[in-house]
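This briefing is meant to be read alongside the sequence and the three-dimensional model. Please keep both in view while working through the points.

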Amino acid sequence: ERQTMAAAEETSNATQGGLAQKPEAPRMMKAIALTRFVSDPSELPAALEVVERPVPVPGDNEMLVKMDASVCNPSDLEQLRGGEFYAGGKTLPFVPGLEGTGRVVGAGSGVLPSFFMGKRVAVALNDFSRDGTWAEYCVVSASAAAPLEAHMPIDQSACLIVNPLTAVGLVDLCAARGVTAILQTAALSQVGRMVSSYARSKGMTTVNIVRRQEQADELQELGEKHVIVAGGESFGEDLKQICAAVGVGACIDPVGGVGSRELIAALPLKGSYIVYGSLSGNEPLQVDHGQLVNLGVTLEGFHLKRYLQDTYNTISSLRLLNRVQDLFKRGVLKVKVAQCCTLEDFAPGIPAYTKAMSAGKVVLCISQWAITELITPAPPVPTTVVPVKVTEWQPDNATPVCVRCTAPFSITLRRHHCRVCGKVFCDDCTSGRSYIAEFDQIVRVCVGCKPTLPAAAAAGGASSSSAPAPVGPQDPTAAPTPGEPTVGVHC
């Protein structure tokens, strides 16, 4: 008992006003610093510099995170422009970045920071007076972090909070008001994609507005039924007809500006127009006062930080973030990534992101682990051949569920074949990879078959055996039948 009390006292003393565990952080770190505010994204490479800065120290209820990766969002661009909400009161130069992922290596006083110590987390900056996440180390509030589950990859973890929680929050807000169909603009954006997918998982419908026909085609290929291209002569009337047909009750809009008039006109009696961004710049909303008076349409703004503060406490926030990670695991949510960069080449990648945001995020890889996982090319595949038996190829429509975990297939949970046993599985159950000569590429192998491969094959390394024994499929539903063909597998 005395030893336990002494250890607790030592831990308590270590957490008062400083780092809670062994100091793993150096005194100095690399970071990207903004030297001047810029409104033209093409000027960002000249305004952002890689510098050496002191590693920050966490205060009460704060923690020091060794960053693995970060990302650039529209809200980051607003900060780089000097927007009052994100950059008000900041002194140049400062480190930008509003979210990312890493490992907690230091903690200030408080129970929650100590709980996170040593864990992988996704973080968001909720104290904008602090330097941001575009650095090797960052201090964040413990209430703005989420412990990461093992299945979360680095690039998705770096984007876990801002866009996914915005999409989930908007849909949950509409659903709580009894809305069953949502009208949204910028439907091919990262938030737009997640709004559509998450709403569909809740049995809701979305009407999706895009700017170009090729964007409409892409959404329709993803399974969206109600897609309309803005700007045509009959756009306003067509939009009204679609919204009336599906029963739209709310519009969520990250653009604003002059297009708001037609959006509000398409809403029903007592509908809601919710603006959550300013992609139109400084253009004011265009509103016909008759729409407000006669239709009783409500205009409101949505900001993620305020929404979370008003809706969730610390415990329920953690539950929300766990639910969001489960949505990633199920394939309901996914962030599209276009490019991964190091600290040195991140700034030149931002202008390209601003020109084609729907193409995907630019992820900043900070730690060596992130660089190795996301940027470093995979080593060449060895050519040692291992004979593996392959069963009869199971047709796509042969089963409505994964033959291993029985998860039902849908638009968001796709079918995948194991190239060893030929059965149909979900993404999680075909997480293995091997190089099969028949396909001349690295292909999916189900988690049942992967352990039956020689160790070198499963790891992707060269086999030490010159004549490996044949191995068969590990089918979770049936034993292999005799007389199955054999193909070469390069391990």
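The model is predicted; local features need pLDDT of at least 70, side-chain atom pairs count only at pLDDT 80 or more, and totals for chains, interfaces and linings use all residues. Residues are numbered from 1 along each chain as its sequence is written, and side-chain values use heavy atoms, with hydrogens and water left out.

**Overall composition**

- The protein has 17 helices and 21 strands, where helices (H or I, at least four residues) and strands (E, at least two) are DSSP runs numbered from the N terminus.
- Of its 491 residues, 48% count as buried, that is, under 20% relative accessible area, with exposed meaning over 50% and partly exposed in between (1.4 Å probe, protein chains only).
- Among contacts (heavy atoms within 4.5 Å) with a separation of 6 or more, residues 24 or more positions apart account for 69%.

- β8 runs parallel to strand β9 (residues 205-210), to which four bridges join it, and I182 has T206 of β9 as its bridge partner.
- β8 also runs parallel to strand β11 (residues 250-253), here with three bridges; the partner of L183 in β11 is C251.
- A right-handed β-α-β unit is made by β8, helix α8 (residues 190-201) and β9; right-handed means that, with the strands pointing away from the viewer, the path from the first strand over the helix to the second runs clockwise.

**Helix α9**

- Q215, A216 and L219 are buried in helix α9 (residues 213-221).
- These residues lie on the same side of α9 because they cover an arc of only 100° around the axis, the arc being that of the directions from the helix axis to the C-beta atoms.
- The cover over the buried residues of α9 includes β9 and β10 (227-229).
- Just after α9, G223 adopts a positive phi of about 105°.

**Strand β12 and I274**

- Both faces of β12 are covered: S272 and I274 are buried on one side, and Y273 and V275 on the other.
- I274 belongs to strand β12 (residues 272-275) and counts as buried because its relative accessibility is 0%.
- Not counting residues up to four places away in sequence, I274 touches L170, L173, C174, R177, C251, I252, D253, E300 and F302.
- β11 and β12 run parallel and are joined by four bridges, with I252 bridged to I274 of β12.
- β12 and β13 likewise pair in the parallel sense over four bridges, and the bridge partner of I274 in β13 is E300.
- β11, helix α11 (residues 260-265) and β12 form a right-handed β-α-β unit.
- β12, helix α12 (residues 289-295) and β13 also form a right-handed β-α-β unit.
- Ten residues apart along the chain, I274 and I264 have C-alpha atoms separated by 9.9 Å.

**Nonpolar cores**

- A nonpolar core is a set of buried Ala, Val, Leu, Ile, Met, Phe, Trp, Tyr and Cys residues joined through side-chain atoms within 4.5 Å.
- The largest nonpolar core has 48 residues, of which L160, L165, C174, I252, F302, V324 and L333 touch the most other members.
- Helix α7 (residues 162-176) supplies the largest share of this core, seven residues.
- Another core, of 47 residues, lies apart from it and includes L98, F116, W134 and A347.
- Leaving aside neighbours within four places in sequence, V324 is in contact with L160, P164, L165, V168 and L333.

Definitions and conventions:
Pairing = 2+ DSSP bridges.
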